[in-house]
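The sequence and structure come next.

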Amino acid sequence: MADQNKRPSVRNNRQMPEEPKHRGWRALLSILLYIFLFGMCCAWFFGGNRDEQGPQKDLSYTKFQSYVRNDAIESLVIYEDNTAKAKVRKESYGIVFGDAAKGEEAHGTIKALIPSVDEFTHFVDSVNEERRAAEKPVIDVSYAKSRDYWYMILVNALPFVLFILFLVWMNRGVSGAAGGIFGVGKARVQMFDKDKKDKVTFKDVAGLAGAKQEVEEIVAFLKNPQKYTDLGGKIPKGALLVGPPGTGKTLLAKAVAGEADVPFFSMSGSDFVEMFVGVGASRVRDLFRQAKEKAPAIIFIDEIDAVGRARGKNVMAGGNDERESTLNQLLTEMDGFGTNSGVIILAATNRADVLDSALLRAGRFDRQIHVELPDLQERKEIFGVHLRPIKIDSSVDIDFLAKQTPGFSGADIANVCNEAALIAARYNHKKVGKQDFMDAVDRIVGGLERKTKIMTDDEKKSIAYHEAGHATISWMLRWANPLVKVTIVPRGMALGAAWYLPEERQLTNEEHILDELCSLLGGRAAEQLFLQQTSTGALNDLERATKQAYAMVAYYGMSDHLKDVSFYDSTGRYEYGFTKPYSEKTAEIIDKESARIIAEQMARARQILTENEEGHHALANLLIEKEVITSEDVERILGPRPWKSRGDEIIEANTVAKTETPKRRSSRKKATTEHE
């Protein structure tokens, strides 16, 4: 939850020590290389006649005979391996090697395979008899054993050597730490070393008081189990860290690894998945085997939903036997017929709803530790951690930054701090100031300003009236999110945006939702009322309003015709079902009630804009002129807000808040933005 950017050095974790089998492969590889190099040296030193210089040529036996008979040969060596070599007379260079070799001073050689030593000897004797009869010098003939044994051995053995080297490479290179093709079922596990200096500890985890307390208890149990067993307690089998992305689940597990005085095995859920049948289950067995050998120990499985999805849930796509067998093996290892005394399993996921129910039962994952988005005080602590390495000036107030980031996760806050430092460096600031942080929030949430984007006057007026409609209605409604800033400068994918600062409510009632719906429809209402037109700029507003209206009727039971009825399915059973959990008549009622709610809030928005037409036009004209207006400008035109809230106190303190992006629309705690 805290120092999301701080990552342990590579030295802080190491692979499991190599097994003796790997050392044996390395020794075999070294021996083969030495033999190969030694053989090459011997072949070079002993193979062939090192005294022979000049051009060399391999010939057919017929051609070789013609040169011997035509007095082109000076001497001849016959080898017992049915080969013959001959030195060519210098006068015959042009005939044998061509005109290019006439200038050679040394004798060249020719070589050929012969049918047999006896037959070729008889042929040479007949040639020498003819030369004697003609009173010509005879050919000097000698016999020798072949000196190419090493060369022949290497030629025949080299393919086998290369094949063995290929197998070694496949075994150690392709599959890496998994043990190669002969050890594909080995677990790709990392074992964290507790003695490293740059490890992550609980001090690096800000916020998450409840979650830290539970994992600290697990570490304490492993350090001093007798304290608990004396009272009859048993060590918990597993703990599941559940929460939205970026809230610090993996960081919390790293802190456990840093604090624990026991071996800590870490794997990702996707590491169990392989194309080979049975590999996933084999890796699960190997992981628990290693942990049992070093018990007491901790196993951490990150993103466990990769292997822990509910079996038989996706009826449309069919089952995955390999994944299910891996899950079955994991269930057996966690609480099967055998015992795993001294082994605790930690797992993390942000999709606990898709996990198999057998995995979540007591005796397997005994505890579910919820890691939620930080509140105001926790965000303050997280900022304190991330601001340590950053040079900030006196204008930066941590309390102020924490108030401007409702709904931000620990990863979001880390990103804000990093982006602020980059912005300060871009403008050659010596230190990071308050405005740099505000620009970073706007940059991350709303996107980069696109001031070079060209818009026509009509488009600019339409966007201004649209955003002024949102601003006017949100200012006049009690439970609408307090307005902070409005702009018609294109930012990211939006042509205009309005910044709001929502209150961090734990509960939302019907009045809150209706005011938010009315504010969402303010832009479209302004276009219809004052411009007598509608544009595609309200797409995002209409999408959110429609979903919210259907949620009120189908999920929250906030409808006169379907009171106290909810069709929300927290188990996800109907996600791929062929039928809905209600009848066609009920579906028709839901459609009508949702349309009625939207129509009522649209009429309400038009009424508010009609009553404040002069103020709306003044805001729109100011937007066209200045492109960006703040809450002070709205208050000057429309007067003080009729209703006060905690958000207003922050606005009055000259704050700049953030907008909402599509990634953050699912949380009521997060700041909202109206995109045109």
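Strand S13 (residues 483-487) pairs with S14 in the antiparallel sense, over 4 bridges. Two strands count as paired if DSSP finds at least two bridges between them. Strands (E, at least two residues) and helices (H or I, at least four) are DSSP runs, numbered from the N terminus. Within this pair, valine 486 stands opposite alanine 498 in S14.

The open sheet holds 3 strands, ordered S14-S13-S15, with antiparallel pairing. Neighbouring strands are turned by 10° against each other on average, direction ignored. Helix H22 (residues 613-626) packs on the sheet and touches S13 and S15. A contact means heavy atoms within 4.5 Å. The direction of H22 makes about 130° with that of S15. Axes are lines fitted to C-alpha atoms, for helices over the stretch in contact; angles run from 0 to 180 degrees between N-to-C directions. In general, strands of a sheet pair through backbone hydrogen bonds, either parallel or antiparallel.

## Model and totals

This is a predicted model: local features need pLDDT of at least 70, side-chain atom pairs count only at pLDDT 80 or more, and totals for chains, interfaces and linings use all residues. Residues are numbered from 1 along each chain as its sequence is written, and side-chain values use heavy atoms, with hydrogens and water left out.

The protein has 24 helices and 15 strands. Of its 676 residues, 47% count as buried. Buried means under 20% relative accessible area, exposed means over 50%, and partly exposed lies in between (1.4 Å probe, protein chains only). The protein exposes about 35,100 Å², and carbon and sulfur atoms supply 53% of that. Accessible areas come from the Shrake-Rupley method with a 1.4 Å probe; for residues, only the protein chains shown count as cover. Among contacts with a separation of 6 or more, 76% join residues 24 or more positions apart.

## Salt bridges

By the rule used here, the protein has 17 salt bridges. The rule asks for a side-chain nitrogen of Lys or Arg within 4 Å of a carboxyl oxygen of Asp or Glu. Side chains of opposite charge can pair when their charged atoms come close. Glutamate 217 bridges to arginine 367, with the closest N and O atoms 3.3 Å apart. This pair links distant parts of the chain: glutamate 217 sits in helix H6, arginine 367 in strand S12 (residues 367-370), 150 residues apart. Glutamate 217 is partly exposed at 33% relative accessible area. Arginine 367 is partly exposed too, at 21%.

Glutamate 600 has a relative accessible area of 42%, so it is partly exposed. Arginine 596 counts as partly exposed at 27%.

Aspartate 633 and lysine 626 meet through their side chains in a salt bridge (3.6 Å, N to O). Aspartate 633 is buried, with a relative accessible area of 12%, whereas lysine 626 is partly exposed at 41%. Elsewhere, salt bridges that share partners join Asp71, Arg89 and Arg131 into one network.

## A buried serine

Is serine 519 buried or exposed? Serine 519 is buried, because its relative accessible area is 5%. Serine 519 lies in helix H18 (residues 510-520). Neighbours within four places in sequence aside, serine 519 contacts His470, Ile473, Ser474, Leu477, Ala480 and Tyr500.

## At the surface

Phe163, Ile164 and Phe166 form a nonpolar surface patch, with about 280 Å² of accessible area together. Patch residues have over 30% relative accessible area and no salt bridge; like charges are joined within 9 Å, nonpolar side chains (Val, Leu, Ile, Met, Phe, Trp, Tyr) within 5 Å. Phenylalanine 166 belongs to helix H5 (residues 149-174). At 42% relative accessibility, phenylalanine 166 is partly exposed.

Lysine 203 is placed in the loop between strand S7 (190-192) and helix H6 (209-223). With a relative accessible area of 73%, lysine 203 is exposed. Lysine 203 and valine 385 lie 182 residues apart in sequence, yet 9.4 Å apart in space, C-alpha to C-alpha.
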